[in-house]
Amino acid sequence: MTTPPLLETSNLTIRFGGVTAVNSVDFSLKETELRCLIGPNGAGKSTFFKLLTGQLRPSEGHVKLRGEDISGSLPHEIARRGVGIKTQVPNVFNAMTVEENLWIAARHKHTPAFASDLAEEILTQLRLTGIAKREVGQLAHGQRQWVEIGTVLAGEPELILLDEPAAGMTHEEVERTAELILEINRKRALIVVEHDMQFIKMIAKTVTVLHQGSVLIEEDVATVLQDPRVRDVYLGKGLAA
Ligand SMILES: Nc1ncnc2c1ncn2[C@@H]1O[C@H](COP(=O)(O)OP(=O)(O)OP(=O)(O)O)[C@@H](O)[C@H]1O
């Protein structure tokens, strides 16, 4: 028997009134694969993520995790099955330190002592040990984003969805974020939505392009960035390939 992919969607579709935001998407992700998902504004990327995490229910089609149908499952059930997400909405406690935030996130699943060990491990992995005792509200934008990624890691997901992790970062922060993602990808699968093409080039292997809710092309990064259809959909929207 062949092993099913880590994640698979078939004919995944959602309509809002007259708008088909995600339109018959067949998508497949292998264990520990890193996939970049790009597309112009309104292409359906965030909505696709919401369908994967159970925040939205599909109008049609299915989402399967290791072959098990999770379409229609509740967000906390999907999280428990190993899907973590970092959205663009902040999800950390500003008045607490970096290590306290990581500990609280780890404590959902673990004993206090184990949560401390896990928080320590994440501090090391994300190279945040130097700012462990700082309040999150006092940190630079990039550092806060890394703490947010850390709180997702504290849930020990097998699949991590990152929605625009490099948005608003300086060039140095973008480079470090790329390194962190590649480090995380040694053990875990990720889907990364991003508009910053320099960042995409730093991390991408296979890129899926969404346009008007459908998959326009899915290829290696070099092929995608040279594809005239991709250039067309981004025309005037700042694709710096
Ligand atoms: N709750 C909703 N009700 C109605 N329409 C919606 C809803 N959510 C999304 N849409 C529409 O679905 C389409 C896809 O939106 P979505 O936010 O998924 O795009 P996106 O690719 O994430 O865009 P961006 O890059 O700007 O974040 C858009 O036309 C949007 O207006």
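This report covers the sheet, the ligand shell and a helix pair of a predicted model.

## Basis

The model is predicted: local features need pLDDT of at least 70, side-chain atom pairs count only at pLDDT 80 or more, and totals for chains, interfaces and linings use all residues. Residues are numbered from 1 along each chain as its sequence is written. Helices (H or I, at least four residues) and strands (E, at least two) are DSSP runs, numbered from the N terminus.

## Sheet

Four strands make an open sheet in the order S2-S1-S4-S5, and their pairing is antiparallel. Two strands pair if DSSP finds at least two bridges between them. Strand S2 (19-29) and strand S5 (68-69) are the edges, each pairing on one side only. Helix H1 (residues 45-53) packs on this sheet and touches strand S1 (7-16), S2 and S4; contact requires C-beta atoms, placed from the backbone, within 7 Å. The direction of H1 makes about 65° with that of S2.

S1 and S2 run antiparallel and are joined by seven bridges. Arg15 stands opposite Thr20 in S2. The two strands form a hairpin with two residues between them, and Gly17 in the turn has a positive phi of about 55°.

## Ligand shell

The ligand is surrounded by Phe16, Val19, Ala21, Gly39, Asn41, Gly42, Ala43, Gly44, Lys45, Ser46 and Thr47. S2 and H1 are the elements that give two or more residues to the shell, and H1 gives the most, with three.

By class, the shell has four nonpolar, six polar and one charged residues. Here Ala, Val, Leu, Ile, Met, Phe, Trp, Tyr, Cys and Pro count as nonpolar, Asp, Glu, Lys and Arg as charged, and the others, Gly among them, as polar.

## Helices H3 and H4

Helix H3 (residues 98-107) and helix H4 (residues 112-125) pack at an angle of about 125°, with their axes 8 Å apart. H3 is therefore oblique to H4 (under 35 degrees is roughly parallel, over 145 roughly antiparallel, 65 to 115 roughly perpendicular, and the rest oblique). Axes are lines fitted to C-alpha atoms, for helices over the stretch in contact, and angles run from 0 to 180 degrees between N-to-C directions.

H3 contributes Glu99, Leu102, Trp103, Ala106 and Arg107 to the contact, and H4 contributes Pro112, Ala115, Ser116, Leu118, Ala119, Ile122 and Leu123. These comprise nine nonpolar, one polar and two charged residues.

Conventions. Two residues are in contact if their C-beta atoms, placed from the backbone, lie within 7 Å. A residue is near a molecule or strand if its C-beta atom, placed from the backbone, lies within 6 Å of it.
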